[in-house]
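The following exercises are to be worked with the sequence and the coordinates side by side. Each task is followed by its solution.

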Amino acid sequence: MTPARRLWEWATGLLARAGRRIQPAGGGGAGAVVAEERLPCAGLWNTPMVQVNGDLTTCCLDEGLENRLGNIRETPLAELWTGPRVHAWRVAQAEGRYEDSGPLCMRCNWKSAGVVRPEEVEDYLRRTHESAAIDRFRRRPPSGRGATGPRKVE
Ligand code: SF4
């Protein structure tokens, strides 16, 4: 990883933890800082990424394998992708506890993989019998459930 990339990840991670992000150039003001409710990331639900050696992680951003879930040569992909580790991260994201949602997820810019649809989050929590998490997900502000877009800081 280049020093510039490392600096960018550090800065975006800092802002992500503070609930802010840097508006990209052409997106309504280059460099403007906007506040928004962070949304559950589609990567955790939909984009398993397998490295050539069989290591499985959550998404293509994880080149350093910080979110490594195991190796498909040792454990079937379906088992790893539905295992307790990634499940706990999904529940944490649904509840808005991003600091508990995976070593890379916790400081991710979270826009790369897109937003998982609220219906999909609720369906997942229902299938995994996480009724308390469904309640907490529903109590989040609408923007935190993917119902609206980002809020601009006044
Ligand atoms: S939050 Fe970031 S690191 Fe985590 S799965 Fe989504 S894109 Fe990947």
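The exercises below concern a predicted model.

**Exercise 1. Determine the strand order of the open sheet and identify its edges.**

Step 1. The sheet has 3 strands in the order β3-β4-β5, and their pairing is antiparallel.
Step 2. β3 (49–50) and β5 (70–71) each have a single partner strand, so they stand at the edges, with one side of each left without a neighbour in the sheet.
Step 3. Between β3 and strand β4 (residues 55–57) there are 2 bridges. Methionine 49 has threonine 57 in β4 as its bridge partner.

**Exercise 2. Describe how helix α4 packs against helix α6.**

Step 1. Two packed helices are described by the angle between their axes and the distance between the axes.
Step 2. For helix α4 (residues 84–95) and helix α6 (residues 131–139), the angle is about 35 degrees and the axes are 8 Å apart.
Step 3. The contact brings Val91, Ala94 and Glu95 of α4 to Ala133, Arg136 and Phe137 of α6.
Step 4. By class, the residues of this contact comprise 4 nonpolar, no polar and 2 charged.

**Exercise 3. Characterise the shell around the ligand.**

Step 1. Among the 14 residues around the ligand, those that come nearest are Cys41, Gly43, Cys59, Cys105 and Cys108.
Step 2. The shell consists of 9 nonpolar, 4 polar and 1 charged residues.

Technical notes
Residues are numbered from 1 along each chain as its sequence is written. This is a predicted model: local features need pLDDT of at least 70, side-chain atom pairs count only at pLDDT 80 or more; totals for chains, interfaces and linings use all residues. A residue is near a molecule or strand if its C-beta atom, placed from the backbone, lies within 6 Å of it. Ala, Val, Leu, Ile, Met, Phe, Trp, Tyr, Cys and Pro count as nonpolar, Asp, Glu, Lys and Arg as charged, and the others, Gly among them, as polar. Axes are lines fitted to C-alpha atoms, for helices over the stretch in contact, and angles run from 0 to 180 degrees between N-to-C directions. Helices (H or I, at least four residues) and strands (E, at least two) are DSSP runs, numbered from the N terminus. Two residues are in contact if their C-beta atoms, placed from the backbone, lie within 7 Å. Two strands pair if DSSP finds at least two bridges between them.
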